[in-house]
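Colleague: Hi, could you walk me through this structure? I'd like to hear how the chains meet.
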There are 2 protein chains.
Amino acid sequence: MSAETDASETTEAIMAATYDALCECGYADLTTREIADRSPVSTAALHYHYDSKRDLLSAFLDHLYEEWEAEVAGAEDRADDPAARLHALIDAVLAVDDDVDEPLQTAILEIKAQAPYDERFRERLRRFDERFHEAVRTTIAAGVADGTFRAVDPGAEATFLTSAVSGAHVRKASLGADVAEIRGRLREYVDERLRGDRE
Amino acid sequence: MSAETDASETTEAIMAATYDALCECGYADLTTREIADRSPVSTAALHYHYDSKRDLLSAFLDHLYEEWEAEVAGAEDRADDPAARLHALIDAVLAVDDDVDEPLQTAILEIKAQAPYDERFRERLRRFDERFHEAVRTTIAAGVADGTFRAVDPGAEATFLTSAVSGAHVRKASLGADVAEIRGRLREYVDERLRGDRE
């Protein structure tokens, strides 16, 4: 096994430990010790790789982004029809069986609340927001071009959908609101407002 | 001046001091000392009135709710036409000149992130969410009844609008996103999707 593989496996193990620790402790109470306890490396080794908790969490957000982005890209590839693709994108970011991810969503909300104070968090959270906005915008633009959708402004519609998704996440984490309901509403929005289906 | 007036003035002064301290320090770094320093009462007196920082913040959320609710109720009363009333409601919760409130919104996002861990915060934040949802729902129901709006499901539309507003707030606070843009989109949504205006 090469040293490179070793390093990559160590990183994977640290990221998995960060995920577990974050879900169990939340962001505020998270310590590098809690992460080290769940990983094959010592606290000292963890500090060797990452200067601070924020440093480690920034790397974790990058790691999370890679996994999340693969799902978004998968949704984009799943269907040729722009309306079906938009449905798949909404499903990808608003999974209904998201109870398993609830502790992570709670921790992510804490990280969002830290973003105004931390440029690195803000930059990373912006990547999620911008990638989803871009996926929605290009899908709507394709739908307008091929006549699937009415002649709407793709960027403006994407901003609206991105905000609704973001609101669904924060309302779910902070209030326990029902994500399935808003997901259904977004699908209707695509069908009625964009596609112009009439009841 | 009666003792009651005195007590009410003290409470007002403490709430004003909490607002200032919260805007300057954020939620995480807020201490009762920081609040006492900005108010006419001592830290000891503050602890006499409120057991903990969370206790004081819960009272502050109640105070904030009263002010916010008056604006929502004002928007409801402003116009007879359901579409105009819905525009006024959206304007009330998504003021464009909200840069003055930016530090408060940042602190509110921190409190939202605490809500999963604190039932009292969650209950109070739910009041804001439910009051807005209710205002939107009854306005849309009135619009459907008088023929201003198409025959949509008022509750479902209200859920959608409430999520979009919540997302606009969190995207503004955490990413610096443009609230004016989403506000414009929500107004268009009312005019096109609900009222059925066609371009």
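Predicted model: local features only at pLDDT ≥ 70, side-chain atom pairs only at ≥ 80, totals over all residues.

Colleague: Great. How many residues does the contact take from chain A and from chain B?

Modeller: The contact draws on 43 residues from chain A and 43 residues from chain B.

Colleague: And what area do chain A and chain B bury between them?

Modeller: About 3700 Å², with 56% of it on carbon and sulfur atoms. In chain A, the residues that lose the most area to chain B are A:Phe160, A:Leu175 and A:Arg185, together 19% of what that side buries.

Colleague: How many salt bridges are there across the interface of chain A and chain B?

Modeller: The rule finds 8 salt bridges there. One pairs the side chains of A:Glu192 and B:Arg193, at 2.2 Å from N to O.

Colleague: Nice. Which helix gives the largest share of chain A's side?

Modeller: That's H8(A), with 16 residues. By class, the side of chain A that touches chain B has 18 nonpolar, 15 charged and 10 polar residues.

Colleague: Switching topic: is H6(A) mostly covered or mostly open?

Modeller: Mostly covered, as 10 of its 13 residues are buried. Among them are A:Leu104, A:Ile108 and A:Glu110.

Colleague: What should the span of helix H6 of chain A be, and what do its ends say?

Modeller: H6 of chain A runs over residues 102-114, so at 1.5 Å a residue it should span 18 Å. Its end C-alpha atoms are 19 Å apart, which agrees.

Technical notes: Residues numbered from 1 in each chain as written. Chains lettered and ligands numbered in written order. Heavy atoms only, no water. Helix = DSSP H or I, 4+ residues; strand = E, 2+ residues; numbered from the N terminus. Expected span 1.5 Å × (residues − 1). Buried < 20%, exposed > 50% of the residue type's maximum accessible area, 1.4 Å probe, protein only. Contact = heavy atoms within 4.5 Å. Buried area = accessible area lost by both parts, 1.4 Å probe. Salt bridge = Lys/Arg side-chain N within 4 Å of Asp/Glu carboxyl O. Nonpolar A, V, L, I, M, F, W, Y, C, P; charged D, E, K, R; others polar.
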